[in-house]
Amino acid sequence: MKITKDTVATLKLKVADSLGRLIENAKEPAAVLIGGYGNTLPAIEAALEGQESGFETTLNLTPEQAFGQRDDSLLRSLAKKDFPPGVKVGGQLEISEGEAGEFRLYHVSKIKGDTVMLDGNHPLAGMSLKITLKVLSVRAASAEEIAHNHAHGEHGHQHH
């Protein structure tokens with residue numbers, strides 16, 4: 001079966017930076033619903049389109065094809081006293097933004113005295129990535145998976 005819109009591809013993924021330093025080497029394969037549902041990067045979906053089980057490739061992605069350039073307007077600082085107790089570098093905080101109240105995830109990048117520095121950029125923003133992937137299997141997505149915009153079951157998302 002070929003990978004097309006509304007199929008679920010089970011992938012083995014390895015992500016490295018442009019110098020080949022490993023960023024992520026998932027032990028478990030990932031089941032990804034294909035078709036523009038935002039489950040993976042568009043560049044990965046484009047590379048998989050029309051491929052079958054057993055396909056392997058290495059993608060060299062620019063920051064624009066990956067997680068975008070860093071945006072300094074997403075850097076902010078808050079007083080430590082305004083933070084939940086136990087704040088640590090690497091921790092995360094969701095902050096409501098805009099009138100519609102969308103939430104953006106911020107990572108604690110630094111704690112300087114009584115000030116907590118936050119970064120709303122994706123941790124891999126601004127980086128060129130080398131992504132090695134192998135397709136382990138391909139199957140048709142269920143109506144429920146399509147309705148929920150992600151894969152379920154084997155290596156996919158479980159609803160509890």
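Modeller: A residue is called buried under 20% relative accessible area, exposed over 50%, and partly exposed in between, with a 1.4 Å probe and protein chains only. In this predicted model, 31% of the 160 residues of the protein count as buried. Local features need pLDDT of at least 70, side-chain atom pairs count only at pLDDT 80 or more, and totals for chains, interfaces and linings use all residues. Residues are numbered from 1 along each chain as its sequence is written, and side-chain values use heavy atoms, with hydrogens and water left out.

Biologist: How many helices and strands does the protein have?

Modeller: Both are DSSP runs numbered from the N terminus: helices are H or I of at least four residues, strands E of at least two. The protein has 2 helices and 9 strands, in the order β-β-β-α-β-β-β-β-β-β-α from the N terminus on.

Biologist: Which strands pair with S9?

Modeller: Two strands pair if DSSP finds at least two bridges between them. Strand S1 (residues 7-17) pairs with S9 (residues 129-140) in the antiparallel sense over 11 bridges, and there Val15 stands opposite Ile131. Strand S4 (residues 56-61) is also antiparallel to S9, over 6 bridges, with Leu61 and Leu129 as bridge partners.

Biologist: What share of the contacts joins residues at least 24 apart?

Modeller: A contact means heavy atoms within 4.5 Å. Among contacts between residues at least 6 apart in sequence, 63% join residues at least 24 apart.
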